[in-house]
Amino acid sequence: MIPPSSKNFLVNNLAAGTPYDLCVLAIYDDVITSLTATRVVGCVQFTTESEYMRCHFMQSQFLGGTMIIIIGGIIVASVLVFIIILMIRYKIWI
């Protein structure tokens, strides 16, 4: 959210050499419907430079998410194997 008094803002974590579409919306109270409404103030398309040093791909976030999914999958598989082993033991003993 950008305050109404601000005319500048900073966009972070852009990937180098990537095209972007940026639109700014105004949020206001609609008097007729008593609901919050939005209106497009303006849109711009731009592409970051391919070798721009301040733009980088956030690989660490994707790697972290992948590791969480892998570890979660291992835990789920281990629990399922444990349940299957208990079921087999239960059926063998009866």
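**The strands**

Analyst: β1 and β2 pair in the antiparallel sense, over 12 bridges. Two strands count as paired if DSSP finds at least two bridges between them. This is a predicted model, in which local features need pLDDT of at least 70 and side-chain atom pairs count only at pLDDT 80 or more, while totals for chains, interfaces and linings use all residues. Residues are numbered from 1 along each chain as its sequence is written, and side-chain values use heavy atoms, with hydrogens and water left out.

User: ok, what is the pattern along the sequence?

Analyst: The chain reads β-β-α, with 1 helix and 2 strands in total. Helices (H or I, at least four residues) and strands (E, at least two) are DSSP runs, numbered from the N terminus.

User: which residue of β2 is opposite Tyr 28?

Analyst: Tyr 28 faces Ala 37 in β2. Another bridge links Pro 19 to its partner Thr 47, also in β2.

User: and what sits between the strands?

Analyst: The hairpin of β1 and β2 has 4 residues between the strands, and in it Ser 34 takes a positive phi near 60°. Ser 34 is in the loop between β1 (19–30) and β2 (35–47). That positive phi occurs in a residue other than glycine.

User: is Ser 34 buried or exposed?

Analyst: Ser 34 is exposed, at 64% relative accessibility. Buried means under 20% relative accessible area, exposed means over 50%, and partly exposed is in between (1.4 Å probe, protein chains only).

User: how many residues of β2 are buried?

Analyst: Of the 13 residues of β2, 1 is buried, so the strand lies largely in the open. For the chain, buried residues make up 7% of the 94 residues.

User: switching topic. how many aromatic pairs are there in the whole structure?

Analyst: A search of the whole structure finds 1 aromatic pair. Tyr 20 and Phe 46 form it, stacked, at 5.6 Å centre to centre with 25° between the planes. Rings of Phe, Tyr and Trp (its six-membered ring) pair if their centres lie within 6.5 Å; planes under 30 degrees apart count as stacked, over 60 as edge-to-face and the rest as tilted.

User: which parts does that pair tie together?

Analyst: Tyr 20 lies in strand β1 and Phe 46 in strand β2, so the pair ties together parts that are 26 residues apart in sequence. Tyr 20 is partly exposed at 24% relative accessibility, and Phe 46 is partly exposed at 27%.

User: what about the segment before β1?

Analyst: Ala 16 is in that segment. The C-alpha atoms of Ala 16 and Glu 49 are separated by 5.8 Å, although the two are 33 residues apart along the chain. Ala 16 is partly exposed, at 30% relative accessibility.

User: last one, the helix. which residues form the nonpolar patch on the surface?

Analyst: Among them are Met 67, Ile 70, Ile 74, Val 79, Phe 82 and Met 87, and the patch has about 1100 Å² of accessible area together. Patches are made of residues with over 30% relative accessible area and no salt bridge: like charges are joined within 9 Å, nonpolar side chains (Val, Leu, Ile, Met, Phe, Trp, Tyr) within 5 Å. A salt bridge is a side-chain nitrogen of Lys or Arg within 4 Å of a carboxyl oxygen of Asp or Glu. Accessible areas come from the Shrake-Rupley method with a 1.4 Å probe; for residues, only the protein chains shown count as cover.

User: where does Val 79 lie?

Analyst: Val 79 lies in helix α1 (residues 59–93), and it is partly exposed at 43%.
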